[in-house]
Amino acid sequence: MGINLAGIVFANLYDDKLPELTARRTMGSVPFGGKYRMVDFTLSNMSNSGINNVALVTRKNFHSLMDHVGSGAAWDLSKRRTGLVLLPPYGGNSFENRIESLYHIHGYIENLSEEYILLASADNAANIDYQKMFEYHLKSEADITILYKNMEIPENSKALVVLDMNESGRITKMLIDPKITEPCKCFTDSIIISRALLLNLVHECMSLNTVNFKKHLLQNNVDKLKIYGYEFTGHYSVISSLSSYYKENIKLMCPEVRAELFNPQRPIYTKVRDDAPCRYGLTSKVKGSLVSQGCVIDGEVENSILSKGVHIAKGAKVKNCIIMQDTKIGAGAELEYVIIDKDCVVTDMRKLSGCETYPMYIAKQTTV
């Protein structure tokens, strides 16, 4: 049974933080953990929380996202009267920020039957119970509830919001890009707000030409509205750069991280691709790696993540790498600290190497 809460996900929100991987796709459709995409976590969290109406707001490069999400059936969001809706730009307009985007989809928002809206992004991997956050929002009688995580400030953070709160959980101050080095209460880009209040605030911001979501819609209203914080205490991977993308993927090698992120009670769903099981050849050696279905391995793989359909030829050595869908690694090739995008070919005997803090990236459909 659904709850009185609809979801709006901004799929392009932080594309500029990961330009290498978002040149031809949205942040939402960036691969993560071998067989998932970043948007899978937000959609799964919403579905698991009983949210039946979800809109994906896109700005550009959304064809990969459309192909991945389809009708939303993989997340149980393909229903007769509710479900998943893709809201691409129209009329040649490509809105640069959340307030403009919300203003131009006001017709969709007004026609929702749900009284409350959950706004979220697709730059993080976490297993979040939004139903508990919604219950907290109603119990505290808040105007806006902000999801936060007590953590160190992510690298390459832009317009990061740090919260100060009183004992009751009400936010008293919002700091944007403060000079703080110790762990602090960081805004995770998820808020719950009533549909009527959201529309009023968006129209007010547009009429005043104050279109910065964090500064004008949230920070400027701290003293005017009851804004509360709801803490998320689980594992939270936020993607803010290529090196953080690499690190957060490699963290999945830790069983505790996998157990927390992929909780069987709250599964993370994704588009299913029917492949044969992974095939390990007689000369293969695989150690401490995540290997997806459809892979054919005749070489050596260590501490790496292989997406569906990856081929590792005989004599190839792959260590500390992330290799995406349908990429082929030639015989005798040696790779270390390399991120290889989809449909690439690394020819025989090539040697490619980056480092942990600065991994080498090979663009989609490249032959090396």
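In the predicted model, arginine 59 is located in the loop that runs between strand 4 (54-57) and helix 3 (63-69). The relative accessibility of arginine 59 is 18%, and the residue therefore counts as buried, the cut-off being under 20%. In space, the C-alpha atom of arginine 59 lies 6.1 Å from that of asparagine 12, although 47 residues separate the two in sequence.

The largest nonpolar core comprises 36 residues, of which Ile8, Leu102, Ile144 and Ile146 touch the most other members. Helix 7 (residues 195-208) supplies the largest share of this core, with 6 residues. Another core, of 35 residues, lies apart from it and includes Leu43, Leu84, Ile128 and Phe134. In soluble globular proteins, nonpolar side chains tend to be buried together. The surroundings of leucine 102 were then considered in detail. When neighbours within four places in sequence are left aside, leucine 102 is in contact with Ile8, Phe10, Ile109, Leu119, Leu198, Val202 and Phe213.

Across the whole structure, 7 salt bridges were found. One of them pairs aspartate 67 with lysine 271, with 3.3 Å between the closest N and O atoms. Because aspartate 67 belongs to helix 3 and lysine 271 to the loop between helix 10 (255-261) and strand 14 (279-280), this pair ties together parts that are 204 residues apart in sequence. Aspartate 67 has a relative accessibility of 53% and so counts as exposed, whereas lysine 271, with a relative accessible area of 32%, is partly exposed.

A salt bridge is also formed by the side chains of arginine 98 and aspartate 189, at an N to O distance of 2.9 Å. Here, too, distant parts of the chain are linked: arginine 98 is in helix 4 (residues 98-104) and aspartate 189 in strand 11 (residues 184-194), with the two residues 91 apart. Both partners fall under the 20% cut-off for burial. The relative accessible area of arginine 98 is 8%, and the relative accessibility of aspartate 189 is 7%.

In a further salt bridge, the side chains of arginine 273 and aspartate 275 meet at 2.6 Å, N to O. Arginine 273 is partly exposed, its relative accessible area being 24%, and aspartate 275, at 30% relative accessibility, likewise counts as partly exposed. Through salt bridges that share partners, Arg273, Asp275 and Asp326 are joined into one network.

Note on methods. Residues are numbered from 1 along each chain as its sequence is written. This is a predicted model: local features need pLDDT of at least 70, side-chain atom pairs count only at pLDDT 80 or more; totals for chains, interfaces and linings use all residues. Side-chain values use heavy atoms; hydrogens and water are left out. Helices (H or I, at least four residues) and strands (E, at least two) are DSSP runs, numbered from the N terminus. Buried means under 20% relative accessible area, exposed over 50%, partly exposed in between (1.4 Å probe, protein chains only). A nonpolar core is a set of buried Ala, Val, Leu, Ile, Met, Phe, Trp, Tyr and Cys residues joined through side-chain atoms within 4.5 Å. Contact means heavy atoms within 4.5 Å. A salt bridge is a side-chain nitrogen of Lys or Arg within 4 Å of a carboxyl oxygen of Asp or Glu.
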